[in-house]
Amino acid sequence: MNPESMIIPNTTHPETVWLADIPPLAATIAAILALTLLMRSRLGAALDAYLVQRFARPGADLLDPALRWHPPVIRASRLLGVCVIAALVILVVVSQIGPLLVALVLAGPATALLVWGLLWFEEQRYVNRIDAALPATVGRLEAQLRAGSGLQPAIEKVLADMPASPLKAEWSWLLERLGQPLTTGSLATATSVCAALRAQTPSRRHAAFLSHLEIAIDQPHASLVQRVRAAYEAMHASDRRASMLATELAQMRNTGIALFLINVGITLYLFIVQHERFLTAYRSEVGVLAGAVLALVVGAPLVGGYLLGRSEDITY
């Protein structure tokens, strides 16, 4: 008797077995969407609290409650939509590979990892937009101050011509908090509001400028203009140095990439041509160590060029 004739197949029609997986998957998706719709307000409040905690700077809890703020990197409603879409996509993809229960278990950690990456990306994008807009904005502020305007009217005139941007949101918050009553019974001064914004902005470049502005606010108007002018010139000098550095490092990065590709090509050639000898050489203890050292040496130009290309100069 043929043993294979005794095996009973699990499905009678394998080509249509995917239809049987649709109802439980669709029911799970519907339950997630319904639960999200019913608890939308609570989930939004929870995400708001999480965003406040996520983007809080060290020492921000020591500030007066009236001066506490967190950068509007991403709205809670958008983050909720991203979480739901990411969870559903991961659920559908993993359910095609394994059981639905496993997909439900893995959907949570995978969604959390994606959300963490999204928040990191959005924060870097927020900071880059501030850093890019700051020199020109400080230049316009210096022009308004040099024309005789006070600090608050000068900021108002600068904001009137600015498009919607993270820097405009932060400076608008600075103006809104001027004169706000504090828990100590006093009113928020320009110095205290500037210090609070400096402690809470995620941009190091903006924080450096605010630290200088905080000192110059209580000085005579001429000194304030000189400090803002010095900050504007230092920012442009920093941008020029960064541009020159990027140009000089471009050749280094290109050379590193070329050397990396050449070494990878030679290694692949040796692996294909002398497969057995290659495995024998790198399976030994000395071979593993030599391979690790070679990998570090080959990758060093890439890593070094990337790190040097991200160098910053925020000293004004």
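**A tour of the model**

Author: Glu156 is partly exposed, with a relative accessible area of 40%; buried means under 20%, exposed over 50% and partly exposed in between, using a 1.4 Å probe and protein chains only. This is a predicted model, where local features need pLDDT of at least 70, side-chain atom pairs count only at pLDDT 80 or more, and totals for chains, interfaces and linings use all residues. Residues are numbered from 1 along each chain as its sequence is written, and side-chain values use heavy atoms, with hydrogens and water left out.

Reader: OK, which helix is Glu156 in?

Author: Glu156 sits in α5, residues 151-160. Helices here are DSSP runs of H or I with at least four residues, strands are E runs of at least two, and both are numbered from the N terminus.

Reader: Zooming out, how many helices and strands does the protein chain have?

Author: There are 11 helices and 0 strands. Of the chain's 316 residues, 31% count as buried.

Reader: Switching to α2: what's its length end to end?

Author: α2 has 15 residues and spans 20 Å from first C-alpha to last, close to the expected 21 Å. That expectation is 1.5 Å times one less than the number of residues.

Reader: Which α2 residues are buried?

Author: Gly44, Leu47 and Leu51 are the buried ones. Looking down the axis of α2, they fall within an arc of 65°, so they line one face of the helix; the arc is taken from the directions from the helix axis to the C-beta atoms.

Reader: What do they pack against, and what's exposed on the other side?

Author: The buried residues of α2 pack against α3 and α4, contact meaning heavy atoms within 4.5 Å. Arg42 and Gln53 are exposed on the other side of α2.

Reader: What lines the second largest pocket?

Author: It has 15 lining residues, with Leu43, Leu80, Cys83, Val84 and Thr111 nearest its centre. A pocket is an open set of points on a 1 Å grid over the protein atoms alone, where a 1.4 Å probe fits, with protein on both sides within 12 Å along at least five of seven lines; lining residues have an atom within 4 Å of a point.

Reader: Which helices supply the lining?

Author: α1, α2, α3 and α4 each supply at least two residues of the lining of the second largest pocket.
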